[in-house]
Amino acid sequence: MKILATDLDRTLLPNGSWPADPGAIEMFNELTDRNNVLVVYVTGRNLALSEEAINEYGIRHPHVLIGDVGTSIRKYETTGWEADSGWDEHVKRTSPNWDAEAVREIVAGVEGLVEQERVHCGPFKQSYYVDHDNREAILAVVDERVKGRYDEVIIYSYDSQSGDGLLDFLPQSATKQTALEYVAEENNAGKDEVVFCGDSGNDIQPLTAGFCGVMVRNADDQLVANVKSALEENPDLRIYHACGLEKLSGYYTSGVIEGAYHYGLFADK
Ligand SMILES: [Mg+2]
């Protein structure tokens, strides 16, 4: 089974400041359907916000939703969403020291760090808004208090739309990358049969994890720079940067389609 996995905001969804191709979403829906690929959305959004994106933009339902930056996995069945409880157990088993409440307490009071609304946090996700201009100093304090104590990963990204810095503490074993590896394994797909598309910060991990990576044309500078240094270290990584294909601009949805063609996921035109 071939898998097309994609980030949502500013990757599949045209919600940035670059121009979007009209009809690209309908094309994506048709092509994924016709070519019989397993569609996986890999997003920072929770379930409610993912549903909102599906309704607002008319993107198809995925077969699998990796939500909350990898901390939840749901399958879309005819009866609705079904949580993958195996994933929760896997995370607890493989990150035994993870403790969201302990992380919350230890970073309380760090200046420039504001806890995100409860709906953006969960048992496997503790998230903050960060004063982006002072991020280096803030992240240094955070590292000092947290790093290595809770089987955690600390992921920083920048929302170019709102201007907010975003900081996620997640269990080491539950990230966009590990969740996608889990879904690939469940579906008996080798890494060369999985295409992952992204545009920013926390997409770097799945992009450099050995899958067939795609950066949409509007990928942010930080991601492009991080990919460049990853490629210097490991030239065997497959990472394609969309640049436009025939009538497709390479931005957002069009970049996802271009990437899928690049790796042979879509056979027809
Ligand atoms: Mg994005």
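**The open sheet**

A: Valine 114 has tyrosine 129, in S7, as its bridge partner. This is a predicted model, in which local features need pLDDT of at least 70, side-chain atom pairs count only at pLDDT 80 or more, and totals for chains, interfaces and linings use all residues. Residue numbers start from 1 along each chain as its sequence is written. S6 pairs with strand S7 (residues 126-130) through three bridges, in the antiparallel sense. Two strands count as paired if DSSP finds at least two bridges between them. Strands (E, at least two residues) and helices (H or I, at least four) are DSSP runs numbered from the N terminus.

The open sheet has four strands in the order S6-S7-S9-S8, with antiparallel pairing. Strand S6 (113-115) and strand S8 (152-159) are at the edges with a single partner strand each, so one side of each has no neighbour in the sheet. From one strand to the next, the twist averages 30°; axes are lines fitted to C-alpha atoms, for helices over the stretch in contact, and angles run from 0 to 180 degrees between N-to-C directions.

Helix H5 (residues 135-146) lies across S6, S7, S8 and strand S9 (164-171), and runs at about 165° to S8. Contact here requires C-beta atoms, placed from the backbone, within 7 Å.

Domain 1 gives 14 residues to the contact and domain 2 gives 15 residues.

Definitions and conventions
Contact = placed C-beta atoms within 7 Å.
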